[in-house]
Amino acid sequence: MPQRYLVPDELAANGLEFIPDGLVAAIGPERTVRFMNSRAEQITGLRAADVVGRDVVEALPLQDLGGDSWWELTDPWHALSTVSGHRERLLVLPSGRELLVTARYNRRGRGTDVVSVVMGIRDAEGRRRAEKESAALLTSVAHELRSPLTGVKGFSSTLLRNWERFTDEQKRLMLETIEADADRVTRLITELLDTSRIGTGRLTVHAVPVPVRARLDGQVERRVAAGAEREQFDVEVEDGVDVVWADPDRLEQVLTNLVDNALRHGRGRVHIAVERSRWAGPSAVDVVVTDDGDGIAPQHRELVFSRFWQAGAKHGTGLGLYLVRGLVEAHGGEVVVEEGPTGGARLRATFPDLE
């Protein structure tokens with residue numbers, strides 16, 4: 001049985017006026033546009049009233065990125081009889097609008113002439129945005145990896161070539177620096193993997209009761225070992241709150257990113273607290289990190305959890321708080337931004353009791 005193709009009136013009658021992609025149909029060798037849905041109008045910036053009834057080549061003068069006419073390159077009505085259309089391509093209108101266009105060439109039978117061309121049109125902005133995000137990620141990763149890898153390479157080369165010239169104390173210092181830089185690289189790779197898992201919904205956690213005081217003290221000790229002053233940090237654990245039900249490694253990531261964020265955007269003092277949640281029930285626990293910076297404007301308090309969000313000075317990959325939210329939500333909790341008592345930012349991560 002020969003395949004039956006819908007004509008424009010039937011296209012509209014079958015509800016294709018309301019599909020999320022743009023749709024344009026041109027009929028016969030005269031190439032007359034007979035159908036254009038509302039979504040196609042939005043994507044192209046053209047009115048159906050100005051397109052329908054006209055030669056599609058004139059009404060939609062599509063070009064490739066080299067400026068050549070797509071219609072001259074493809075010439076659907078005179079294409080080989082084996083050609084049934086083309087896959088999605090990035091094309092441009094004279095207005096500069098970029099479109100993702102897919103075409104189907106309809107024939108009444110094998111080897112017969114093309115009787116209609118139906119084009120599916122999508123806005124290319126989403127793809128461009130994704131490409132920009134990927135480029136931004138690659139740039140950030142390259143920048144973040146360069147510094148620790150340079151340190152590892154420099155110190156290891158120096159030790160190999162001049163081992164006998166250094167004292168044991170100097171060797172230890174260099175090896176500790178190499179270890180710290182290697183840990184930084186490992187952490188960045190872990191963050192990138194977790195970013196991918198969060199985006200695809202494949203992040204898993206294995207919650208156990210984690211002694212919380214030791215985790216907070218460990219955060220401070222690592223900062224002090226890296227050169228920070230102990231007086232910069234205030235640590236407070238509410239009486240009776242001994243553990244947080246969380247994946248130990250994921251909790252460490254959350255704490256590290258929250259403290260790093262506070263140090264990056266504050267003026268030096270960081271308050272780290274663990275307390276019973278006032279919002280999620282008596283069995284839930286809040287991890288609260290407060291800085292003494294300028295705070296986060298209300299209109300930005302959701303944006304800070306977006307991928308690549310960076311405010312003020314550009315430091316890091318812009319993934320820290322995105323990861324914090326994804327990791328906390330994987331535990332069944334939530335994280336919010338509040339205003340601290342001195343006007344700085346207070347980030348509150350709530351972990352439910354999973355016992």
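These are brief notes on the predicted model shown above.

1. Ground rules. Residues are numbered from 1 along each chain as its sequence is written. In this predicted model, local features need pLDDT of at least 70 and side-chain atom pairs pLDDT 80 or more, while totals for chains, interfaces and linings use all residues, and side-chain values use heavy atoms, without hydrogens or water.

2. Overall form. The chain holds ten helices and twelve strands (DSSP runs, numbered from the N terminus: H or I of at least four residues, E of at least two). Its radius of gyration, taken over C-alpha atoms, is 29 Å, whereas a compact globule of 355 residues would have one near 20 Å (rule: 2.2 Å times the number of residues to the power 0.38). The C-alpha box is roughly 85 × 60 × 40 Å along the principal axes.

3. Helix 10. Eight of the eleven residues in this helix (residues 320-330) are buried, so the rest of the structure largely encloses it. Buried means under 20% relative accessible area (1.4 Å probe, protein chains only). The buried residues include Y322, R325 and G326. Their cover includes helix 7 (168-200), helix 9 (248-265), strand 11 (334-339) and strand 12 (345-351). G332 follows the helix, with a positive phi near 90°.

4. Cores. The largest nonpolar core has 35 residues; V244, V274 and F351 touch the most other members. Helix 9 gives the largest share, six residues. Another core, of 25 residues, lies apart and includes I43, L91, V101 and V117. A nonpolar core is a set of buried Ala, Val, Leu, Ile, Met, Phe, Trp, Tyr and Cys residues joined through side-chain atoms within 4.5 Å.

Notes. Buried means under 20% relative accessible area, exposed over 50%, partly exposed in between (1.4 Å probe, protein chains only). Contact means heavy atoms within 4.5 Å.
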